[in-house]
Amino acid sequence: MKSSNLKSQKIPLQANSLESTRQEILRRIQASGYPPNGLLLNSSFLGKNGQNYAADIIVFSPDAVLHIEPLLVVSIAKNGFTFSYEWVNSFQDSGAKKIIWFNGKILKLFYLNSQEKYQELPPFLPNWAEINQENSIFSQHFKSNLTPAYDLKQILSDLHDHFYGNSNIRIPSRLGTEIQKIILLKKFDEEQPHNRSNFYIAENELPQGLNGDKIIPSDAVVSVANRLRKLLTQYDLERNEKQKLGNLDLDDQSLYHAVFQLERLSLKKTPTDVLGDALEAFRVYTVKREGGQFFTHRYVVDLALHLVGFTGEKHQTLADISCGTSGFLHSAKNIIINKAQAESIITEEEQNNLVSELLIGLEVDQDLVQISNTSPEFFSLPKMLVERQDSLAPYGTWKKEISERIQPKSRYFMVGNPPFGTKIVVKDTETLKRFSLAYAWKKAGHKWQKSTEKIVSRSPDILFIERNLDFLIPGIGRMVLVVPYQILSGPKEGFVREWLMTNCKIIAIVDLPEDTFQPYTGTKGSLLVVEKRLNPNPQWRDELDYPIFMACPQKIGHDRRGRPIFKNNESAEIDVDLPEISTAYDAFLAGNNPSQVSELAFTISSQFIKNNSDIRLNAAYYRPSSIDLRDKLITIVKQDLSLTITPLGDLVKDIFYPGRFKREYTEDLENSVPFLGGSNITQLIPVTEKRILKDSIHYQQLALKAGWILITRSGTTGIVSSVPQNWEGFAASEHIIRIIPDPEKLHPGYLYGYLKSEIGQNLLKSGIFGSVIDEINSSYIASIPVLHPQDKSYADKIGGKMYKADLLRYQASILIQETTQTIENLII
């Protein structure tokens with residue numbers, strides 16, 4: 001068999017599923033300290049029985065002469081391939097000390113015990129120090145050997161599935177609380193001064209046998225569970241009554257399983273919000289789907305605190321009034337401690353007092369309050385860092401002890417990731433009437449105006465913006481919030497942006513990477529950083545211009561399924577570009593061009609926002625490529641007087657799409673027409689089984705006319721097509737915008753070609769908005785600048801080519817249909 005030494009083999013960057021799995025395990029091996037000259041790829045070794053054993057990866061001692069009795073053997077399976085214990089049996093006489101099976105998601109590890117039988121170990125790759133020991137120590141693991149949990153979300157997700165189907169608790173919210181207790185005990189154990197872990201499974205407690213014969217001795221289950229409960233007793237002894245965990249309610253078998261799956265992980269070394277990751281996995285069926293909470297990635301938190309200017313100074317009070325698992329407060333506490341140490345505030349008591357004076361969190365969910373206050377970082381603080389409180393409730397109804405700690409106009413910084421979602425709204429009138437943003441707003445010209453009487457239900461993400469601003473010190477207070485992309489870009493949310501510009505100055509806006517909240521939701525969000533004005537300024541459009549920092553980072557360190565992405569195959573460094581944005585922001589503060597630090601960052605003048613009728617605030621809208629294109633069009637017109645620019649809306653008769661209503665499909669072919677969706681409009685012959693009756697009350701709104709131009713407005717946004725003659729009378733989805741050209745003003749073929757060109761497509765992309773589904777609206781399309789000849793006859797000549805192409809498209813479809821019909825008639 002062909003083999004190669006890892007030192008001389010470059011791992012390919014592009015790979016299929018199997019090769020990607022190989023690269024992942026090789027990356028872990030290299031990160032775990034294995035010497036390259038001891039590894040063989042796609043090779044074989046001689047077993048004790050004299051047979052050859054093939055493997056994907058074989059690890060020998062670097063000074064080994066013969067390829068026998070390898071220290072580790074790794075077999076790689078395709079992603080999703082099911083593990084079988086027959087694979088273990090196939091290595092029984094091989095002499096390999098440890099064997100691993102890996103399919104990219106599931107890792108199985110076995111070691112050859114003193115009886116020369118393979119026995120299953122917790123599913124973690126041993127590091128080189130362990131694998132090279134003659135007598136591995138199983139009684140207690142050294143903490144120094146624990147490894148970061150880069151795939152913690154997947155591990156906890158698998159734990160959830162196991163507990164939900166096998167434990168004595170089947171309620172997701174209770175499972176979330178119980179696993180948090182176990183995680184807190186794991187972290188507590190790691191923070192003890194000795195190097196021996198008490199969160200472990202001893203060698204004599206490991207599962208016995210394989211597959212159908214696999215059993216876990218009952219005394220081993222009890223021993224592991226009791227050791228965990230002893231750890232809990234030690235934990236509670238160091239905490240006050242409010243911070244104690246009390247009991248572990250999971251049964252002994254489940255506690256054993258949790259320790260087996262988690263024992264080799266280091267939560268201290270894991271570079272993510274451990275509590276947030278756990279809740280994402282265990283409360284996905286409750287909090288996320290019903291409450292709209294998306295827990296904030298640590299890299300997002302760090303960037304947010306940097307952008308808002310929090311440095312841990314003694315006067316910098318900070319609050320998070322929708323704190324969830326307290327990710328912002330955890331990071332803020334670390335900043336305060338580091339600053340205190342730099343200023344020679346060394347004692348833990350002094351540091352804890354400072355943290356308690358500067359920070360407070362509010363959260364309505366009691367489970368989250370308990371989890372935050374019982375975390376190892378917060379248990380020794382003199383005051384509870386997180387209080388239970390509905391932050392949107394009228395301030396006068398708050399508990400006295402909370403209102404004494406946080407008052408309106410008192411905080412230097414407000415931070416957070418408020419709950420957002422389309423299915424959750426606040427309806428209580430007593431609550432709503434205290435918010436300006438809860439009143440009805442109407443657009444008059446380019447300005448939004450608030451109703452003095454009408455109150456409407458609002459989603460909490462909008463109300464939290466105003467409530468956070470209430471607590472800021474006027475003139476100096478700053479706020480950074482994670483807000484849904486829709487608030488910064490959607491046409492219906494323009495009133496929120498009008499209110500923001502009136503009450504704040506925009507400091508920075510960062511559109512977060514699309515996968516930030518994956519794998520649980522595709523919701524897109526942005527960081528909004530503002531400074532509260534000394535007094536509201538309804539005439540903000542007339543004020544002097546000022547610079548605004550913007551950025552569009554692309555990498556969050558994991559893919560849409562939550563799997564970690566690393567900078568390269570030989571590194572354990574997560575691939576994320578948010579720290580790069582922090583550096584670019586520092587350049588911006590120093591008066592330099594942030595684009596010279598990162599091509600993802602740029603600066604705009606507030607004038608751009610003033611000139612935008614929709615008050616768009618999303619960074620993508622102002623990307624230099626979009627702004628430069630519009631400027632380039634203006635420059636071209638100045639240089640070539642034969643050309644001009646006209647807003648698209650001024651060149652057509654109408655731009656519209658039908659209202660939304662229940663579709664009633666039919667199988668009646670004679671009295672119906674095809675119903676087209678967005679994917680159909682680029683097909684030569686549309687393929688759809690959906691049909692609408694011609695006498696339907698909605699048909700006239702849906703019907704198409706030959707010569708119209710179509711643009712998809714949601715989902716795969718910006719696809720452009722035209723309506724050929726044979727589509728006359730077809731019905732089309734309300735997700736397709738219709739443009740009715742005006743030939744007297746501009747040839748329809750020219751406009752069609754313009755929108756399909758690279759110029760038109762880039763202009764369409766810059767108008768996309770939406771937090772979950774990409775959308776574009778008619779008003780934006782009407783504003784698109786159309787570059788065209790002043791000489792209408794020349795425009796007609798250009799457009800005529802597109803018209804001819806459209807005619808050929810029609811003729812081609814007729815010929816194809818006639819041909820297929822002829823062939824079908826032969827069969828009939």
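Is Ile-615 buried or exposed? Ile-615 is buried, because its relative accessible area is 0%. Buried means under 20% relative accessible area, exposed means over 50%, and partly exposed is in between (1.4 Å probe, protein chains only).

This is a predicted model, in which local features need pLDDT of at least 70, side-chain atom pairs count only at pLDDT 80 or more, and totals for chains, interfaces and linings use all residues. Residues are numbered from 1 along each chain as its sequence is written, and side-chain values use heavy atoms, with hydrogens and water left out.

## The whole chain

The protein chain has 26 helices and 29 strands. Both are DSSP runs, numbered from the N terminus: helices are H or I with at least four residues, strands are E with at least two. The C-alpha trace spans about 90 × 80 × 55 Å along its principal axes.

The radius of gyration of the protein chain is 32 Å. A compact globule of 828 residues would have one near 28 Å, so the two agree. The radius is taken over C-alpha atoms, and the globule rule is 2.2 Å times the number of residues to the power 0.38.

Of the 828 residues, 55% are buried. The accessible surface comes to about 37,100 Å², and carbon and sulfur atoms hold 50% of it. Such areas come from the Shrake-Rupley method with a 1.4 Å probe; for residues, only the protein chains shown count as cover.

Contact means heavy atoms within 4.5 Å. Among contacts between residues at least 6 apart in sequence, 72% join residues at least 24 apart.

The protein chain carries 93 positive and 96 negative charges, and their mean positions are 3 Å apart. Lys and Arg count as positive, Asp and Glu as negative; His and the chain ends are not counted. Each charge is placed at NZ of Lys, CZ of Arg, CG of Asp or CD of Glu.

Ile-615 sits in the loop between helix 20 (606–610) and helix 21 (624–639). Leaving aside neighbours within four places in sequence, its contacts include Trp-448, Met-501 and Trp-540. Pro-491 is 124 residues away in sequence, yet the two C-alpha atoms are 8.9 Å apart.

Pro-686 is in the loop between strand 23 (672–676) and strand 24 (691–693). Its relative accessible area is 19%, so Pro-686 counts as buried. Not counting residues up to four places away in sequence, Pro-686 touches Leu-676, Asn-680 and Trp-727. Pro-686 and Trp-727 are 41 residues apart in sequence and 9.3 Å apart in space, C-alpha to C-alpha.

## Two positive phi values

Most residues other than glycine have a negative phi. Glu-69 has a positive one, near 45°. Lys-409 has a positive phi too, near 60°. Glu-69 lies in the loop between strand 3 (52–59) and strand 4 (72–76). Lys-409 lies in the loop between helix 14 (400–403) and strand 13 (413–416).

## Accessibility at a glance

| Residue | Relative accessible area | Class |
|---|---|---|
| Cys-504 | 0% | buried |
| Cys-552 | 6% | buried |
| Asp-796 | 25% | partly exposed |
| Glu-69 | 34% | partly exposed |
| Lys-409 | 56% | exposed |

How many disulfides are there? The count is zero. A disulfide is a pair of cysteine sulfur atoms within 2.5 Å.

Asp-796 belongs to helix 26 (residues 792–827).
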